[in-house]
Amino acid sequence: MAYVFLLAAITAEVIGTSLLKATDGFTRLWPTLGLAVAYVSSFGLLALAVKEIPVGVAYAIWSGLGTAAIMAIGAAFLGEPLSVTKVMGAGLVIAGVVVLNLGGTH
């Protein structure tokens, strides 16, 4: 169940970060409220996940997969450029998460 909470936390964080640009510097009410709800939800769900998953592993997965997802969303929907260097960097982040999990608590 902890990994379900972690996946939900990642999803909420990605939603919140995706809304960041739409807040226009926190001057637009609804995107700002959506961002706040998403981030609070994300941290609440992450807190539930770390009850069973070591915090270092959970945070690495949360931040790594969140970063990769935001990079993909930025390229697909926000018109941000995607380069080979960015893709390689995201791959290294994901590889780091895998290595952390392989050396985890099992």
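The chain holds four helices and zero strands, and the exercises below work through this predicted model.

**Exercise 1. Describe the overall build of the chain and the confidence with which it is predicted.**

Solution. Begin with the order of the elements, which along the sequence reads α-α-α-α. Next take the extent of the C-alpha trace, which spans about 45 × 35 × 15 Å along its principal axes. The chain has 106 residues, and buried residues make up 26% of them. Finally turn to confidence: the mean pLDDT of the chain is 91, and 97% of the residues score at least 70. Among the elements, helix α2 (residues 29-49) has the highest mean pLDDT, 98, whereas α4 has the lowest, 85.

**Exercise 2. Which residues does UniProt place in the feature "transmembrane region", and what is the helix content of residues 30-50 and 57-78 in the model?**

Solution. The unreviewed UniProt entry places this feature at residues 30-50, 57-78 and 84-103. For residues 30-50, the model gives 95% helix and 0% strand, with the end C-alpha atoms 30 Å apart. For residues 57-78, the content is 95% helix and 0% strand, and the end C-alpha atoms lie 30 Å apart.

**Exercise 3. Work out how the aromatic pairs of the structure are arranged and which residues they join.**

Solution. The structure holds two aromatic pairs. In the pair of F43 and W62, the ring centres are 5.5 Å apart and the planes stand at 50 degrees; because planes under 30 degrees apart would count as stacked and those over 60 as edge-to-face, this pair is tilted. Taken together, the ring pairs link F43, Y59 and W62 into a cluster.

**Exercise 4. Classify W62 and Y59 as buried, partly exposed or exposed.**

Solution. The cut-offs needed are under 20% relative accessible area for buried and over 50% for exposed, with partly exposed in between. W62 has a relative accessible area of 8%, so W62 is buried. Y59 has 46% relative accessibility, and therefore counts as partly exposed.

**Exercise 5. Locate the nonpolar surface patch and state which helix contributes the largest share of it.**

Solution. The patch is made by L65, I94, V98 and L102, and its area is about 350 Å². Its largest share, three residues, comes from helix α4 (residues 84-102). As a check on one member, L102 is placed in helix α4, and L102 counts as exposed because its relative accessibility is 71%.

Definitions and conventions. Residues numbered from 1 in each chain as written. Predicted model: local features only at pLDDT ≥ 70, side-chain atom pairs only at ≥ 80, totals over all residues. Heavy atoms only, no water. Patch = residues over 30% accessible without salt bridge, like charges linked within 9 Å, V, L, I, M, F, W, Y side chains within 5 Å. Areas by Shrake-Rupley, 256 points an atom, 1.4 Å probe, with all protein chains shown as cover. Salt bridge = Lys/Arg side-chain N within 4 Å of Asp/Glu carboxyl O. Helix = DSSP H or I, 4+ residues; strand = E, 2+ residues; numbered from the N terminus. Buried < 20%, exposed > 50% of the residue type's maximum accessible area, 1.4 Å probe, protein only. UniProt positions renumbered as here; feature names shortened; annotations may be inferred. pLDDT = per-residue confidence, 0-100. Phe/Tyr/Trp six-rings, centres within 6.5 Å; stacked < 30°, edge-to-face > 60°.
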